[in-house]
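Here is a guided walk through the structure shown below. Take it one chain at a time, then look at where the chains meet.

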Amino acid sequence: MNFEIPDFAPAAPEIFVLAMACAVLIVDLFLTEKNRVITYLLSQTTLLGAAVLTVSLHSAAPQVTFSGTFISDSLADVLKVFIYLITAVVFLYSREYLIARKLFKGEFFVLGLFAVLGMMVLVSGYNMLTLYLGLELLSLSMYAMVAMHRDSMPSSEAAMKYFILGAIASGMLLYGMSLIYGATGSLDIAEIAAYIQNSSSDDMVLLLGLVFIIVALAFKLGAVPFHMWIPDVYHGAPTAITLFISTAPKIAAFAMVMRLLTDGLGGLLTQWQDILVILAALSIAVGNVVAIAQGNIKRMLAYSTISHVGFLFLGVLAGTDEGYSAAMFYVLVYALMSLGAFGMVILLSRAGFEADNIADFKGLNERSPWFAFMMLILMFSMAGVPPTVGFYAKLAVLSAVVDVGLVWLAVFGVLFAVVGAFYYLRIVKFMYFEKPEDKAPLASDFDMRAVISANALVVLALGIFPGSLIALCATVI
Amino acid sequence: MSIEPVLFYIFSAVLVTAAALVVVVRNPVHAALFLILAFFTSAAIWLLLEAEFLAIVLVLVYVGAVMVLFLFVVMMLDINLTPLREGFIRYLPVGVAVAVIVLLEMAVVVGPGNFGLEQMPAPPRHGADYSNTEELGAILYTVYAYPFEIAAVILLVAIVAAITLTMRRRPQAKYQNPAEQVLVRRDDRVRMVKMEAEKGENKEQ
Amino acid sequence: MDILLAIWNSIPEDIQTLLVIILKIVAIVVPIMLSVAYLTLAERKVIGYVQVRIGPNRVGPRGLLQPIADGIKLVFKEVIVPSRANRFLFLVAPLLALAPALAAWAVMPFDDGMVLADINAGLLYILALTSLSVYGIIIAGWASNSKYALLGALRSAAQVVAYEIAMGFALVVVLMAAGSLNLGDIVRAQEGSLIHWFWLPLLPMFVVYFLSGVAETNRAPFDVAEGESEIVAGFHVEYSGMAFALFFLAEYANMILIAALTSVMFLGGWLSPFQGTFLESTFAWVPGIAWLLGKMAVFLFLFLWFRATFPRYRYDQIMRLGWKVFIPLTIVWILVTGVAILGELGPWFD
């Protein structure tokens, strides 16, 4: 048979991350506890190197290689760079937390790098097979990371729940993919899109496949009614790992939604739009209302994630380029905010004290006015209060929805955003108007303090000058 | 009438029965054994489809290795299923309702209306020199090389994850190192001490 | 004779094929069963002489009828099913042990073209079937409702899974060297002379495969599944009569199978050892099957010799050998062979 060796260059970042992950795995084996920081530094180097490779190999025209299973386009490259950046910050925030809890093991970083590889594969997947495998690589690393704190019951329970529901979702995804393969005769995203263009859109097989795929995506993103695992996993997992789960993978999941629903099944827009409307409305409502009742900040942020996923879907379901770029803007902003918020939880915690109750934020202003202010920015941004970037993110998705005539949905979203503001502002109230119960000073290294401050300030700065990021999102879609 | 459809229906009947029994039987070891039967019959059906590589690998990997370990665990654990089944009756109506709906939907979609012989004609039969293994190998290492490599990485992650979650270093545990044992020389263990013969009053009588 | 031919021709063609196949199966199975019987005698004799004893010599001339006497005795013994044992599984387990050992012979080439089913994926088929033989042991151990039997079964399960991996990898190397999964083609790939046989280029795999085979058949020194001194007789402690005899048959049939496979894959199967030398024409009259049987006899003798010589491995030592020595070795040799094939290393891969 005739076969040409594919062009490996577009996949150089993936190859680099894989090689480095294996190298870290082996190097870590020979390190003693004292030198474990080398693993950490190597992992950060890997992310930096991958970023350099991705940026330097970037070309405006999409490159498809490996027999059409891999694509490297602007969307993929931009999302990848954000994934590296956010993962690097996650590693940085996690370091002290893990050391204090005797979880500072090489496997955390190795699994983290493999998860990054999974996200990269997912972002660059241009075939149902690669999308599925990327998702599995990501999820498998995540399950293991959640379970890593072996002696903690909540984290084992969280890992089991995550694993079982994740496996069901993967099953749904595979079933949907197999139905679509049955209907179109191809696993290739481009060929599926071409098939749908040329056929009638009421093909039952295709529609059932679409439904299964949407259910799986909703499971993975945590949209209501497939959200049950999110609060338990966010709550049970060690905060450092919750931090990871709640940030970078959402970006990858967004890419998956884009590849499957718009690139592949874009011809069925009218069909999936209706489903997404329901998912989005339910997520926004349930997420925001239930979050009010939470006393644990990790659970509260979990429900807030669910509502943010609803807003993300608003952008996607608009089905226009503005909608997609608004959704992309939203997911990047969400990742930044979530990074900061969980980072603050880590900052407040110390060995033997998780700081995961909302009451632990009481009187933070007296203990550290600067970090109280940082948390204020992050909470304002999550609530969507101008001039933070969260406001522009919500504005962009809502206006995209209004543009396609779904005004009621936009009004619904705004109403529940106001409801949601309540629980974000409650934390602000705790920080500024309550007496601290715990007077211990915040002990952290300089790099953690600096980066978390930068994180919050970026949220503020992007709120004042959102133009460049919005423009970036608009160009890559 | 050729023998193939007859074989197909026999194997399918066994497969469906075995699969149903996996769920229904009370004894977990019996359930595992029925699962093995189900794997075996599906391998037979694959053979009928000329997919001999997949069929044999299914037997080799799932029946020969995975299920052996599965049985191993089931036999060791002595699982008492009664408490696990407590909510069974309570959730039965909902479960049955969902199952029936999904089944009907699937029957409509996957039934002969969409996947009958008119839409999907049977593929041509291959000659005796056709090797399913070669065909699979040729496509797996060329067109699907990238997914294949990712699958390998997933397995690596599975190994790393399994070891992370289960290995506990026990510094006080004693290990035997056969190489070290073999390399032991007499001089490492035995010291020859030269001593003056004792002299003194205690003379032999 | 004419009448017989007329009857034969009146049978429909499908049935004719079926009858021919059944006859071939009988022609393979009956000699195997006989060999098993006399292998037991050989074992007792060989071990006897190794231990400076004479061994069985009472039944028939030089004890030659001993296996027959043993068989008759076992047939007439009662099969006792222990109380609260799982009756169906208890009785089906010996059959599950024997069936794969016999079924694997279907793809064995006895001589050029002398094979029951000349299938392409023969090597895989063999590997799949040898991996099945453990079920008889596991099910017997569990269904007996006895702790010794269960312990034996668990030991056996872990051991077989460990060694199967090494065995599979060793076969991957053979597959690479021969470029085919068909056992006949594997033998043909070794044509040339004694040094063309795969035992030389794949020497570590030859050793790994044969030792894994010893472990897979639960033979000494890897016979912890039986372990008379610790767990009485392991998985078949509760069996008696014909059910016990079936386990015995399965064990010896598996030994013969491993001997045959090792000969086919590493010692050139039916090929004459004098090929390519001046003696080739002198020995041309010897049928290929005789060479195969001779090679098998060597390996069978090794089985017995091992048993007479080595003490039983401890369980953790078995696991160490399987996981930490054999598997890494096979993986390394896959690389070595790959390089050798790429470099067209003569005289094997050119």
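## A walk through the two chains

Read from the N terminus on, the elements of chain B run α-α-α-α-α-α-α-α-α-α. The model is predicted. Chain B holds ten helices and zero strands.

Of the 205 residues in chain B, 16% are buried. Now take the contacts in chain B with a separation of 6 or more: 57% of them join residues 24 or more positions apart.

Next, turn to where the chains meet. The contact takes 30 residues from chain A and 21 residues from chain B. On the side of chain B that touches chain A, at least two residues each come from helix H5 (88-110), helix H6 (112-115) and helix H8 (145-166). H8(B) gives the most to this side, with 13 residues. By type, the residues on this side of chain B are 17 nonpolar, three polar and one charged.

Finally, look at one helix of chain A. Helix H4 of chain A covers residues 106-123, which is 18 residues. From its first C-alpha to its last, H4(A) reaches 26 Å. That is close to the 26 Å expected at 1.5 Å a residue. Is H4(A) enclosed or open? In H4(A), 18 of the 18 residues are buried, so this helix is largely enclosed by the rest of the structure.

How values were computed:
Residues are numbered from 1 along each chain as its sequence is written. Chains are lettered from A and ligands numbered from 1 in the order in which they are written. This is a predicted model: local features need pLDDT of at least 70, side-chain atom pairs count only at pLDDT 80 or more; totals for chains, interfaces and linings use all residues. Two residues are in contact if their C-beta atoms, placed from the backbone, lie within 7 Å. Helices (H or I, at least four residues) and strands (E, at least two) are DSSP runs, numbered from the N terminus. Ala, Val, Leu, Ile, Met, Phe, Trp, Tyr, Cys and Pro count as nonpolar, Asp, Glu, Lys and Arg as charged, and the others, Gly among them, as polar. The expected span of a helix is 1.5 Å times one less than its number of residues. A residue is buried if 20 or more other C-beta atoms lie within 10 Å of its own, exposed if 12 or fewer, and partly exposed in between; C-beta atoms are placed from the backbone.
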